[in-house]
Amino acid sequence: DGQYHTLVGASGLIVSVYFDSGRDAVYACEMDGTVLRWTLDDPAHPKKVGKLEERVYVLNTARNGQQVLCGTERGRVLAIDVESGTTTTLIDGGQPISALGLSTSENKLIVGYWGGKLSTVQLGSNVEQHLESVPKNAKSIVVSKDGYLAAVLDEAGNVRILGMHDGRPLFTMQANDASLRALAFADDGQLMGLGVVKTRMQLWELKSKQVSK
């Protein structure tokens, strides 16, 4: 809608950030592991959600925004309750986490690790299923609105589409010309990519046969 908000109140260097657009909340983690939460109606007073003893590389939310999910340098995925600050371990150990995506309909998390490894985690039981790896580190993972498809962007510019039910890859397309940084599914199901070239931001529609601006 053309509006912008400046969020203030952090006391340290921000190393990861996540915008929960459905609830107008922004999460960020400082260098020392402090996790903060802003609301857009009060952008000057962040709430301290919790503090972890390791660096957080990626954030997401679960349970309708009641939990913030943290992927860490030690290969762990931790869930922090936004109200109580209680921390639950979903995955423990492995390569550092580079990306997280969530399917609310499947109640399943898709995790990208350094080195290209991918896996899904069934929330509740925390059962992890290993998937076919991507060529490079995953840097953005998004799940479609219906929760059945996931899109994974890696550092080589490949975009892989897979099914969240069984994790099976459907197809992969090259999008390296777009200099993509992040993915998103639009409300109509169209896969979108955010590209950054020098000081210009570009929004791309990603299609299976071609990449169009």
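User: Hello! Is Glu83 buried or exposed in this structure?

Analyst: Welcome! This is a predicted model, and the relative accessibility of Glu83 in it is 67%. Exposed means over 50%, so Glu83 counts as exposed.

User: How many salt bridges does a search of the whole structure find?

Analyst: In general, side chains of opposite charge can pair when their charged atoms come close. Over the whole structure, the number of salt bridges found is nine.

User: What is the distance between the closest N and O atoms of Glu54 and Arg76?

Analyst: This pair links distant parts of the chain, with Glu54 in the loop between β4 and β5 (56-62) and Arg76 in the loop between β6 (67-72) and β7. Glu54 is buried, with a relative accessible area of 3%, whereas Arg76 is partly exposed at 21%. Their closest N and O atoms are apart by 2.3 Å.

User: Which residue is linked with Glu54 and Arg76 in a network of salt bridges?

Analyst: Glu54 and Arg76 form a salt bridge with each other. The network holds these two and one further residue, Arg74.

User: Which strands stand at the edges of the open sheet of four strands?

Analyst: The order in this sheet is β13-β14-β15-β16, with antiparallel pairing. Neighbouring strands are turned by 15 degrees against each other on average, direction ignored. Each edge strand has a single partner strand, so one side of each is left without a neighbour in the sheet; these are β13 (138-143) and β16 (169-174).

User: What is the bridge partner of Val143 in β14?

Analyst: β13 pairs with strand β14 (residues 149-154) in the antiparallel sense, over five bridges. In β14, the residue that partners Val143 is Ala150.

User: Is Gln190 buried or exposed?

Analyst: Gln190 is found in the loop between β17 (180-185) and β18 (191-197). Leaving aside neighbours within four places in sequence, Gln190 is in contact with residues including Phe185 and Leu206. Its relative accessibility is 18%, and buried means under 20%, so Gln190 counts as buried.

How values were computed: Residues are numbered from 1 along each chain as its sequence is written. This is a predicted model: local features need pLDDT of at least 70, side-chain atom pairs count only at pLDDT 80 or more; totals for chains, interfaces and linings use all residues. Side-chain values use heavy atoms; hydrogens and water are left out. Two strands pair if DSSP finds at least two bridges between them. Helices (H or I, at least four residues) and strands (E, at least two) are DSSP runs, numbered from the N terminus. Axes are lines fitted to C-alpha atoms, for helices over the stretch in contact, and angles run from 0 to 180 degrees between N-to-C directions. Buried means under 20% relative accessible area, exposed over 50%, partly exposed in between (1.4 Å probe, protein chains only). Contact means heavy atoms within 4.5 Å. A salt bridge is a side-chain nitrogen of Lys or Arg within 4 Å of a carboxyl oxygen of Asp or Glu.
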